[in-house]
Structure formats: structure tokens, C-alpha cells
Number of protein chains: 2
Amino acid sequence: MKQKVTLKQIAKELDVSISTVSKALKDSTEISLDTRQKVKAFAKLYNYKPNNIALSLKNRKTKTIGVIIPEIVHHFFTTVIGGVEKVANEKGYNVIICSSNNSFDKEVINMEMLASGSADGFILSVAKETQLKKDYHHIQETMSQGMPVVLFDRIIDEIVCDKVIIDDAKGAQMATNHLLSIGCRNIVIITTVDYISVGKLRTNGYLRALRAYDIPEREEFILKIEDVGNCEAEISEFLLNKDIDAVFAVNELFAVTATKVLSEQGKTVPNDVAIIGFTDGILSKHFIPSLTTISQHGEDMGIRAAKLLIDKLECDDAGAEEYRTVIIDTSLVERKSTKK
Amino acid sequence: MKQKVTLKQIAKELDVSISTVSKALKDSTEISLDTRQKVKAFAKLYNYKPNNIALSLKNRKTKTIGVIIPEIVHHFFTTVIGGVEKVANEKGYNVIICSSNNSFDKEVINMEMLASGSADGFILSVAKETQLKKDYHHIQETMSQGMPVVLFDRIIDEIVCDKVIIDDAKGAQMATNHLLSIGCRNIVIITTVDYISVGKLRTNGYLRALRAYDIPEREEFILKIEDVGNCEAEISEFLLNKDIDAVFAVNELFAVTATKVLSEQGKTVPNDVAIIGFTDGILSKHFIPSLTTISQHGEDMGIRAAKLLIDKLECDDAGAEEYRTVIIDTSLVERKSTKK
DNA sequence: GAATCTTACGCAAACGTTTGCGTGTGGAAA
DNA sequence: TTTCCACACGCAAACGTTTGCGTAAGATTC
């Protein structure tokens, strides 16, 4: 196998200095036209590509954005990445994606690895474990080393930095309101445990909507799921023999599972029970009946997050101590699961 | 904001040389215990992390694997990445993921970018456009620069390198056989256009299975879809008034859409028509009825691909001119869509 | 023919590491 | 007092770039 060709090799072959080659390739007028052409022809022939690593070292920047997400096999997060890539590519940035797998340790490792020379800044949605542990030292350290961080979706209130979120509570309220508006009054919520920030917020939105309708909060109408793997059994038990007319699920999987469980329990969607989910993904779209959901506009989130980060990266620090929180609007995607 | 702390800064503060600091941090006995401790304490205090970029430059390797996939919002590809990450993390490699978005140009750009210093080798599934154009110069060039490439799933026969694939034809045959074994005889296939290698292979497997049963090939039983966005209309027209008892779809979306279309046309699955898909993803698992599929074992593919690549990376070239093709077994995941 | 100006190129430093080898200091042995 | 040996450390080169500045050779001017 050939080795990668460097300026030095070209210089040697052509019997000129390295700097001459470098300048020639940059079309510097300092170099004679003749030499320039010769060098360029040679470089092309040997398929010369400047070594990014050396450039990064020299420029003290990598032109790379590090994205760390809790799960890679997850429709919402991948759509966000799509948005990040769009902006990044436009602005000449590279995107490196790492998955923390919801593990605190892996999040720390990934972050430190990327921070030590591979990325200029981060776009991050924290792992479950991190939210639970409340240990944010890795993020603080990264920031204190001068690397900007943009948090999205699963954010951390205690950390002061740019953030991109949706108004989860408002979205949940919108969902619940939709159910109320079509006449449902016995609405249950299937949500996550409270330490997941978005789960808690969505629960709050649900409660707020009920309150506005003077519907009392009933504890037995709230299911908080810890172990996603076992959600079907939990949902089945929760729903059994409950006199309800609507389910609000805080994610796709819960919504789909609820629908399935209900039909097993002899109820039909949407006639007996209306269902609304959160996160507009593939499942909701293709399920039968197709599911009404609150769309989080993942791609928009990615776009905004990338813009915030690149702004920070490119403004010459100066007024850099200003942090913004962008709230992306959610919207209701009405489908068949709520059509009475 | 603070700047990143370097060896040089530590050296200056402690009034020793850079090399002393470097050696002290590596616990070299060349340095007195006293100095070592002082340096280490200082480094810890200032949260020193060696700069990977500098290391990469020095070592002429990055300990990073570049993964390029056609789509990031795609369950199968993300499971493959999961497998790659597993192995990579074990062996101390970093994983960089880039999406080509099925664009030839973006594939080339990503590859060149990563090749110029960011990755030691590649795991790649080529873009649709690349298969269509049959322009593989970027892959050839990368390899000729000494960087190993492992192709997976959507591979290219003309390129000589390590490959990880499933036996698509065999998988399709298995699927068709399953339909035949439960008594279906009028089986249609919904597949992709021929230039997608896996689509063609699966079509071949389907035909082979029919032949073994002495069932004549009927052109009107084969639907080749080019524009995925419009597949529902195409499938609907294709299925209308056709006397069939089974559908074999080469991916999840086609399978789900076919099911939907059939129910709209008044047929029930699996009673009137059995359905089997390819790629065992979220949709198949959660759909009602749940869909029987051929599992591609994406994670296994990722694991094998990563192992092949790391082997190449770490063997000292020598017998490096040996390329292997790993074929991952497919398996039938039987669910309700084929239960008579 | 000398002075000056161009032109075309090379030198060297810098980015942050690692590491083989050279070296100054001190103490111990003779 | 001299010689020798550890010990503890520093020097410098290398990885591949970029770029300001210095400088040779040739061309131009008077």
C-alpha cells in the first residue's frame, strides 16, 4: 500500500522547498507561474490532500462539531442530527456523532475524548444516568476549557449555557387540550419517572390542562414507567378495567403499546378510547390507526442548536458570556387515533 | 474562558522542561518521585488532558473508525452502528459517523474529509447514487492511500476489500419458502429498482424459491418501486383486484404500507393475505398485526465489520492483501402477519 | 559598471506531543 | 583529591502544515 503523500514528499520529488509547495498549491503570486503549475500537476497526480490533523494542530481548531446523544437507534435523535448536519455542512463544519447509550460513564468518556482535540464544541442531550446522578462535572470542565456547549431536549437547568428545547409542558397541555376538546374527560397519562426532565414537564402540562377544565387530578390516572423494556405488562395492568376515554402517552412506544393493549382488552381506538402521543416518528405515522401526536420538530431543533453553537464558535469571544435558550414550537399532528 | 492547559504551561509553572512533565505524567522512573508527584498533582488540578490531535500527528494514526452510511434516520443502519461502537470501544477506538444522505457527492466529501487525517479506516455502506453512478474512485483512492475499507450491506462487487453482507438472496428465499410452507401460492413481491444491489438480490431469492416449487414467474406479480415517497399509491394500484394470498416486501416500509393498503381494499392480514417483510425493525415489531420478517442482525454486522477493520488496522500490513467476505446469517422472525 | 529593484524561492518558528540520548550535579569509592 | 557512576533532568527531532521575513540571482536603471 502506498503511504499518504505529504508536502515534504512533493517538495523532494520536485526539488523545491516545502514552503514553495505549500504556497504554490495556494496559488500564491510569490511563486512563479511555472512552478505553481508543476506543483499542482504533481499534487493532483498523487492525489494530495492536506492533512487535517496537522491543520487542526496549527489552527488550534478542528472545524468539527461533536454531537452526543443518549441513543443512536432513536428516530427523534437522528432527526435532530439531520438538522445539525444541514447547518454544519453549509458552514464548513464536520459532525462527529457519539452515543452515550444512556450511560453516564460513556458520556464522560466520549466528551473527554472529543474535547481533547477532536471537536471545537458540543451539542449534547444528556444520558438518563446523568440526569439521575446529577453529576455534571464533565460538562462544566469542557466549558471551562473554552469549548462551547449547546444542550438540547434533555437539558440541565443548573448548567448555564445555550439550550434548545421544546416547551414540553405546553406541548403536553396542547395534547391534553385536544383530547378535552373532542369531549374526553377521563384522560390518563402514561409517562416516565420524574427524574427524566421531559417526562416530568409533560406530566405537569397534562395536569395544568386538566386544572383549566376543573377536572380533579387523580393519582390512579397517572402511570410512571421506569423500565421501558417491560412497559407492555405495566400498561396492560394499568389500563385494565379502567373507565377511561383517552390516553396521553409521552412517547411513541407508550402510545403504540397502549393502543395494542387496549385492543387486546376489547376496546377500539379511537372509538372507545382516543390516543395521543408525543414525538412524531415513524411508528405514529404508519401505525393503524395512525396516531395523533405532538411533533417536536427534531430537525428544527438540530438546526437551531447548530446555529447557536457555530455562532459561539465564530464570534471572537468578547460578548460571549451571553447564553440563549431557544424554545421550538411544538405542533399537533392530527391523525386517526383521535378522530371520533 | 480559560484556555486548554498544555504540557508547556505546566512546565513553565513548575519551572521544569516539557519533557520532564511528559515523562512524569507517564510515571517514568527517569524522573524523581518528588517531581513526578508534583507534576501529577498540578496536572490534576488544572485538569490536563493530552491533546489527541498532537498525538495523532505524532503517531500517524487517529485510533478512530469512520462510518459512512446512506441514512442516519434509519433503524437498520443505526443498529449496525451500535455493533461497531461495541467493538470499537472495547478496542480503544473512537467512532465517527457521517451520513451521505444517499448523495454521491456527500459520500465523497465525507470520505475525503475523514481520510485526510480524521480516521484510520472506514466502514461503509454506499449511497444509492453511488450504486447508480458506478463511480467508486473515492473508495479506491482511500484504499490506495493505505486506509482499509470494510463495505457492508450495500456493497460493490467491483471493489476488492473486506465485506460484511447477509445472503440477501437466501434470506429472500427463506421468506418466500415460509410463505409457500404455510400454503400460499400466489405470492407477490414488492421490491426496489434493480440498481440497488440488495433489492435485486432479494428479487432473485424470491424467484429461486418459486422455481423450486415449480411456480412460474409472473411479471405482474413483481413491483419495483423507485420513489419511496410515493410508494403507497404505487402499492395500492399494484395490489388492487389482484388475486393473491401473500406479499413479500423487501423492507419494513413496503410491508407496513402493503398491510395498510390491503386493509383499505377490504382484505385482512393474515387471514386473506399473509405478509412478510425484510429487516427486523421497530415498525415490524410494533405493528398490528406484528409482522413476520427476515432479521438482518444489524448489530452482528456492525460487530463483524468493526472486527475486520481493526484486524487490518492492527496487523502490520505483511499479509494484508487478503480480503474476507463475511456472510451474516439471516433468520426468520415469525410473528402474526403469517399466522394462518 | 554600479546601484537598485524584482522575482522566486527558502528558512524557521509554531501548534502539542513523545522519546532517545546527552549532560550537569552530587555523592561515593579509591 | 581525583575518578567514576547514578540520578534527574533537558535538548532536539519528528509528525505535516502555514506564513512572515530574509535573500540570492537576475533584470533594470542611470
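Visitor: What makes a residue count as one that surrounds DNA strand D?

Guide: The cut-off is a C-beta atom, placed from the backbone, within 6 Å of the strand. In this predicted model, 24 residues surround DNA strand D, and the closest are Ser19(A), Ser17(B), Ser19(B), Thr20(B) and Ser32(B).

Visitor: Which elements give two or more residues to that surface?

Guide: From chain A you get helix 1 (7–14), helix 2 and helix 4, and from chain B helix 2 and helix 4.

Visitor: And what sits closest to DNA strand C?

Guide: Ser17(A), Ser19(A), Thr20(A), Leu7(B) and Ser19(B), out of 24 residues around DNA strand C. Here helix 1 (7–14), helix 2 (18–25) and helix 4 (52–59) of chain B each supply at least two residues, as do helix 2 (18–25) and helix 4 (52–59) of chain A.

Visitor: Over in chain A, why are strand 3 and strand 4 called a pair?

Guide: Pairing takes at least two bridges. Strand 3 (residues 121–124) and strand 4 (residues 149–152) of chain A have three, so they qualify, in the parallel sense. Among the partners, Ile123(A) bridges to Val150(A) in strand 4.

Visitor: What makes strand 2 and strand 11 of chain A edge strands?

Guide: The open sheet has six strands in the order 2-1-3-4-5-11, with parallel pairing. Strand 2 (94–99) and strand 11 (325–328) each pair on one side only. From one strand to the next, the twist averages 15°.

Methods: Residues numbered from 1 in each chain as written. Chains lettered and ligands numbered in written order. Predicted model: local features only at pLDDT ≥ 70, side-chain atom pairs only at ≥ 80, totals over all residues. Helix = DSSP H or I, 4+ residues; strand = E, 2+ residues; numbered from the N terminus. Axes fitted to C-alpha atoms, helices over the stretch in contact; angles between N-to-C directions.
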